[in-house]
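Try each task before reading its solution.

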Amino acid sequence: RFDLLRSLGCPTEAMVISIVPYIGFACFATQYVYPAYESWRVMLQDKPDGHELTQWTFYWAVCVSLMTLEHYLLFLLVDYFPLYLELKTLFLLWLVHPDYKGATWLWYGKLKGIHKKLDDDFYGKIMDFLGPFGPAEASSTPAAGPPPTDTQK
């Protein structure tokens, strides 16, 4: 990474410009600590809310995508873009804040429709391709859970 920077004539020392003290710690807590706690809390509930499951599942997908993008494509911005960590922390705060729930908004507001179209087009093809490794037949395995009651029969 530094050989590329040296060949471009860039200094190899990171030019971190920050106006918030301990922004790395704040970014870490916003990106990992609070979301891990909330994800754990939701998963331990007897009947978790579907929107909360969506919030934290999609948050972790965005988090992994952001980490991959930073590592492979945005490594120059991470070190040389002024106030990068502050902007990243604000974005992550918007994603996880209980009043905003940005991850839920991104999924339901922007991406669910795109995913539904792709799911309708390709789900059957993928299941056909998987063949015997696809979903288990309902008649071959009994359903998990308590036996049906008289009202359910």
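## Exercise 1: Charged pairs

Within helix α2, R41 and E38 sit three residues apart, which is about one turn of the helix. The model you are looking at is predicted.

**Task.** Find how the side chains of R41 and E38 meet, and work out whether each residue is buried or exposed, or in between.

**Solution.** 
- Step 1: look at the charged ends. The two side chains meet in a salt bridge, with 2.7 Å from N to O, inside the 4 Å cut-off.
- Step 2: check the cover. E38 has a relative accessibility of 10% and counts as buried, while R41 has 32% and is partly exposed.
- Step 3: look for further partners. E38, R41 and E52 are linked in a network of salt bridges.

**Task.** Which helices hold E70 and K88, and what does the pair tie together?

**Solution.** 
- Step 1: confirm the contact. The side chains of E70 and K88 meet in a salt bridge of 3.2 Å, N to O.
- Step 2: place the residues. E70 belongs to helix α3 (residues 50–72) and K88 to helix α5, so the pair ties together parts that are 18 residues apart in sequence.
- Step 3: check the cover. E70 is at 12% relative accessibility and counts as buried; K88, at 12%, counts as buried too.

**Solution.** 
- Step 1: take the distance. The closest N and O atoms of K117 and D121 are 3.5 Å apart, and the two form a salt bridge.
- Step 2: compare with the accessibility classes. K117, at 54%, counts as exposed, and D121, at 36%, is partly exposed.
- Step 3: The whole count comes to five salt bridges.

## Exercise 2: A charge without a partner

**Task.** E86 is in helix α5. What is the nearest side chain of opposite charge, and how far away is it?

**Solution.** 
- Step 1: search for the opposite charge. The nearest such side chain is K88, 11 Å away.
- Step 2: see what surrounds the residue. Leaving aside residues up to four places away in sequence, E86 touches I17, S18, I19, V20 and I23.

## Exercise 3: Aromatic pairs

**Task.** How many aromatic pairs does a search of the whole structure find, and why is the pair of F28 and Y32 called tilted?

**Solution.** 
- Step 1: count. The search finds seven aromatic pairs.
- Step 2: classify. The ring centres of F28 and Y32 are 5.3 Å apart and the planes are at 55°, so this pair is tilted.
- Step 3: F28 and Y32 are four residues apart in helix α2 (residues 23–43), a separation of about one helical turn.
- Step 4: check the cover. F28 is partly exposed at 43% relative accessible area, and Y32 is partly exposed at 28%.

**Task.** What is the geometry of the pair W94 and W105, and which helices are involved?

**Solution.** 
- Step 1: classify. W94 and W105 are 5.8 Å apart, centre to centre, with 70° between the planes, and the pair is edge-to-face.
- Step 2: W94 is in helix α5 (residues 84–96) and W105 in helix α6 (residues 102–130), eleven residues apart, and the pair links distant parts of the chain.
- Step 3: check the cover. W94 is partly exposed at 31%, as is W105 at 44%.
- Step 4: look for a cluster elsewhere. Y34, W56, Y59 and W60 form one aromatic cluster.

## Exercise 4: The nonpolar surface

**Task.** Which residues make the nonpolar surface patch, and which helix gives the most to it?

**Solution.** 
- Step 1: list the members. I17, I19, V20, L77, F81, L83, L87, L90 and L93 make a patch of about 800 Å².
- Step 2: assign them. Helix α5 gives the most, with three residues.
- Step 3: take one member. F81 is in the loop between α4 (75–80) and α5, and is partly exposed at 39%.

Note on methods: Residues numbered from 1 in each chain as written. Predicted model: local features only at pLDDT ≥ 70, side-chain atom pairs only at ≥ 80, totals over all residues. Heavy atoms only, no water. Phe/Tyr/Trp six-rings, centres within 6.5 Å; stacked < 30°, edge-to-face > 60°. Helix = DSSP H or I, 4+ residues; strand = E, 2+ residues; numbered from the N terminus. Buried < 20%, exposed > 50% of the residue type's maximum accessible area, 1.4 Å probe, protein only. Lys, Arg positive; Asp, Glu negative; His and termini not counted. Contact = heavy atoms within 4.5 Å. Patch = residues over 30% accessible without salt bridge, like charges linked within 9 Å, V, L, I, M, F, W, Y side chains within 5 Å. Areas by Shrake-Rupley, 256 points an atom, 1.4 Å probe, with all protein chains shown as cover.
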